[in-house]
Amino acid sequence: MIYKNIDNFEYKMLLESQIKEQISYFLSKNQEFSIVINTKKIDFNPKLPKKIMDNIDNFALFTLANYTYSTINLYSDFMTFETGFGEENIGSTLTVPYDSILQIIIEDKIVFLSYIATIDTFKIETHKRSSMDMFKSNPNNKKFNK
C-alpha cells in the first residue's frame, strides 16, 4: 500500500522540506555529495544541444563537487547549480525542484531516498464535511452535541 499516499500533495511538501534540510545540512558541513535527479522535472539554462540532451537518461547522477559544489544555491522550492556536459564541457545552470531528487548520496552510500521524484502529478485532498459536522463545530450549537 505504499503508493496509496505518496502522490498526495501534503506528502510531497513534507519530503521537499526534508530534502532541502538534508542538502542545507551537508552544505553547512562543507560535505560534497551526489544526487540522482528525475531529469524530466529540471530546467537547463542555457538549453543543451539536442545531441547531449538525447544522451541524458530520465534519472541521472550528478556529483556536486569542486566548482559545481561552489555554485549550489537553495531556494524555497528548488536548488540551482552549474555544471558542464559532454566532451566540450558545455556549461549550464540546472534548476532542480526538490521533488525531482530521487537520492542523495555521500561516498557511494545512499543517505536519503525520496519516491516523490517518480511521481508526475500530485493530488490535493479536500476534506468534505457534512452539514451536521459544520453545524456541530459552531460554538453556538454546542448544546446540540449531546
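Modeller: Let's begin with K41, which forms a salt bridge with D99, the closest N and O atoms being 3.5 Å apart. The term stands for a side-chain nitrogen of Lys or Arg within 4 Å of a carboxyl oxygen of Asp or Glu. This pair links distant parts of the chain, with K41 in the loop between β1 and β2 (43-45) and D99 in the loop between β6 and β7, 58 residues apart. Strands are DSSP E runs of at least two residues and helices H or I runs of at least four, numbered from the N terminus.

Keep in mind that this is a predicted model, where local features need pLDDT of at least 70, side-chain atom pairs count only at pLDDT 80 or more, and totals for chains, interfaces and linings use all residues. Residues are numbered from 1 along each chain as its sequence is written, and side-chain values use heavy atoms, leaving out hydrogens and water.

Colleague: Are K41 and D99 buried or exposed?

Modeller: Both K41 and D99 are buried, meaning under 20% relative accessible area; exposed is over 50% and partly exposed in between (1.4 Å probe, protein chains only). By contrast, K50 and D54 form a salt bridge at 2.9 Å, N to O, and both K50 and D54 are exposed.

Colleague: Which residues are linked in a network with D99?

Modeller: Salt bridges link K12, E16, K41 and D99 in a network.

Colleague: And how do I read the core?

Modeller: Nonpolar side chains tend to be buried together in soluble globular proteins. A nonpolar core is a set of buried Ala, Val, Leu, Ile, Met, Phe, Trp, Tyr and Cys residues joined through side-chain atoms within 4.5 Å. Here the largest one has 28 residues, and F33, I35, F62, M79, F81, I101 and I104 touch the most other members. Helix α1 gives the largest share, four residues.
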